[in-house]
Amino acid sequence: MKKIICILIFLPFLWPAQGQNEVDIVIVGGGAGGTSAAIQAARMGASVQIIEKTTWLGGMLTSAGVSAIDGNHKMPSGIWGEFRQKLYDYYGGSKAVATGWVSHTLFEPSVGKSILTEMANHPNLNIVYEAHFDKVEKEGNKWIVRYKKRDKTYSTKASILIDATETGELLPLVGADFRLGMDPKQDTGEKEAPENSNSIVQDLTYVAILKDVETAKNRKGLVKKPKNYDPEEYACACKREQGEMFGSVADCDQMLNYGKLPNKKYMINWPNCGNDFFVNWPEMTKKEQEEALKMAKSFTQGFVYYIQNELGYKNLRLADEFPTKDNFPMIAYHREGRRAKGKTFLVVDHLESPYDFNLYKTGVAVGDYPIDHHHDKNPETPEIEFINIKVPSYSIPMGSLVPEKVDNFLVSDKNISVSNIVNGTTRLQPVVLGIGQASGTIAAIAIKEQKNTSEVSIRKVQQALLESKAYIMPFVDVTPDDKAFEAIQRVGASGILKGYGIPYKWANETWFYPKRIVSEYELKNGLLPLYPEIKSIHASGNGVTPIFLKDMLGRIDKQITLDAIKQIWSSKGIEATFSPSAQLDRQKVGVLIDSLLNPFTFEVDFSGNLK
């Protein structure tokens, strides 16, 4: 019996050795987006395989060493919120991970990797590490992904293929249209965009993780001076002037504490005269890219040498953080790659004025970080003050994850359909975790219903995400532990009650204001696009009462009576004594409207318009 159990336990790890494998969903890339997509799809019942080139899950979060979370601190959405809670549990609470001034959540990459591996431990999910995809092709209505592992070639057949690579590597291979570099103004309509397109991408970074060993009698962790080392490249690293968005940096301790991690470690991912590095990879061959990445790593080695020798921090040594011979991360941190041309194209105008459009009604992930681009190392980049493009927090539309012309193919990382400028905010770790969770949801529903990914109901995807405690609307003041969370998210995504967006420092906001009284006029205007039969109702600036609700909603459904409203009031546990004449706040109205009308029965298309 014990022998049988052992064989069963190890079957998933022998899976690729059995020839061609077949699953519902194959994901190329086990980065933040790919891992999140796989976890979600597996939990929803689909069989999933990840093909990952390194030995870790997590991509930029872990394998690239970018273990200081940017954004979404007040929106712990879905898998991102789950991951963060596990960090809190491991380290001992939120204060234990608020170690550096760049972020509220910092952690050791190896710990992040272990947590993601634990989260991905699911019987429906198989992970092939150290696997390099070789070819992608279509056989009938199935995808075939061929990959190499230890000089042997394997293949996986699947109904749905997800590109979760760091730079959108599958897009050209499957025939998907994509954008790369800076988009021209005529394509995006963005007043901030350059007049002409170009292939310029953001600077990338080879991160380093240092550990304070305090005193050491050996040279372990001290780096050698690299060839072409020039200390002038890093001379202003410890000095930065105060700016509108950036605080001043006065000394080297402050610079290093930017990315201070738990357990006396430091993330070296410093943009100001630090280790950002421009690689013009869109114009390079694969071999040239490999050489350029070696140069990027050498440049970071030079910065570490500068810190240890020129600045005198010989107590800060390269940590044994990664399973690499040189203790540097397994991959570089790519901030940008190819971006699919999707069913929708998210541009700055959609973020600045979401309620001027209907895309917000199709939201499947959220973000709150400013538009942040890194171009200091490329003097050819057009002058654009990206960081001064002010936007509130936002939703990412489902159509940005669904490429235009390729069936049963989804994108799940920094490769979604957004403009180059918008990529400056959608590229961050918690947003990409949300993108992945949404992509996995679309795929799982498509498998369950035997539909093409472009035919899946947006409302079903949104509901599945809400049931997973993920946000579809970026309301900062209603969290998943609020019993009204789902109702408010649905009413918000239906356009019935709108939020109030505010660009704010490094954490933009959208407020629902659940305790604010709703006027009759506001509610009528929110309901009218869905229910034209209430057009003749007279609505004032007075607060909505149960009596007014009965009179207006009775036009839609005669069964909505005062008694019916009172029954919903009781069954939903609304914390106030029912009174027919009491003025109602946005939370109460949201819960009542959601229960009485179920606005998610109205399907919307990729543009957010009613079908």
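I started with C252: its relative accessibility is 16%, so C252 counts as buried (buried is under 20% relative accessible area, exposed over 50%, partly exposed in between, with a 1.4 Å probe and protein chains only). Before going on, I noted that this is a predicted model, where local features need pLDDT of at least 70, side-chain atom pairs count only at pLDDT 80 or more, and totals for chains, interfaces and linings use all residues. Residues are numbered from 1 along each chain as its sequence is written, and side-chain values use heavy atoms, with hydrogens and water left out.

**Disulfides**

Which cysteine is joined to C252? I found C238, with S to S at 2.0 Å (a disulfide here is a pair of cysteine sulfur atoms within 2.5 Å). C238 counts as buried as well, at 11% relative accessibility. The link of C238 and C252 is right-handed, with 110° about the S-S bond. I placed C238 in the loop between β9 and α7, and C252 in helix α7; the two are 14 residues apart, and the pair links distant parts of the chain.

C236 and C273 form it, with their sulfur atoms 1.5 Å apart. This pair links distant parts of the chain too: C236 sits in the loop between β9 and α7 (252-257), C273 in the loop between β11 and β12 (276-277), 37 residues apart. Buried or exposed? C273 counts as buried at 19% relative accessibility, while C236 is partly exposed at 32% relative accessible area. Counting bonded cysteines along the chain, I get the pattern 1-4, 2-3.

**The sheet**

Then I turned to the strands. In what order do the four strands of the open sheet run? I read β10-β11-β9-β13, with antiparallel pairing (two strands pair if DSSP finds at least two bridges between them). β10 (260-261) and β13 (316-318) are the edge strands, each pairing on one side only.

β10 pairs with β11 (residues 265-268) in the antiparallel sense over two bridges, and K260 stands opposite Y266 in β11. Helix α8 (residues 286-310) packs on the sheet, where I see it touching β9 (208-212), β11 and β13 (contact is heavy atoms within 4.5 Å). The direction of α8 makes about 155° with that of β13; axes are lines fitted to C-alpha atoms, for helices over the stretch in contact, and angles run from 0 to 180 degrees between N-to-C directions.

β9 and β11 pair antiparallel over four bridges, and K211 has K265 in β11 as its bridge partner. On to β13: three bridges join it to β9, and the two run antiparallel. There I found D212 with L316 as its bridge partner. Why call β9 largely enclosed by the rest of the structure? Because four of its five residues are buried.

**Helix α14**

My last entry is on α14 (residues 520-527). Which residues of this helix are buried? I listed E520, L523, K524, G526 and L527. They cover an arc of only 165° around the axis, which puts them on the same side of α14; the arc is that of the directions from the helix axis to the C-beta atoms. The buried residues of α14 pack against α15 (546-553) and α17 (586-597).
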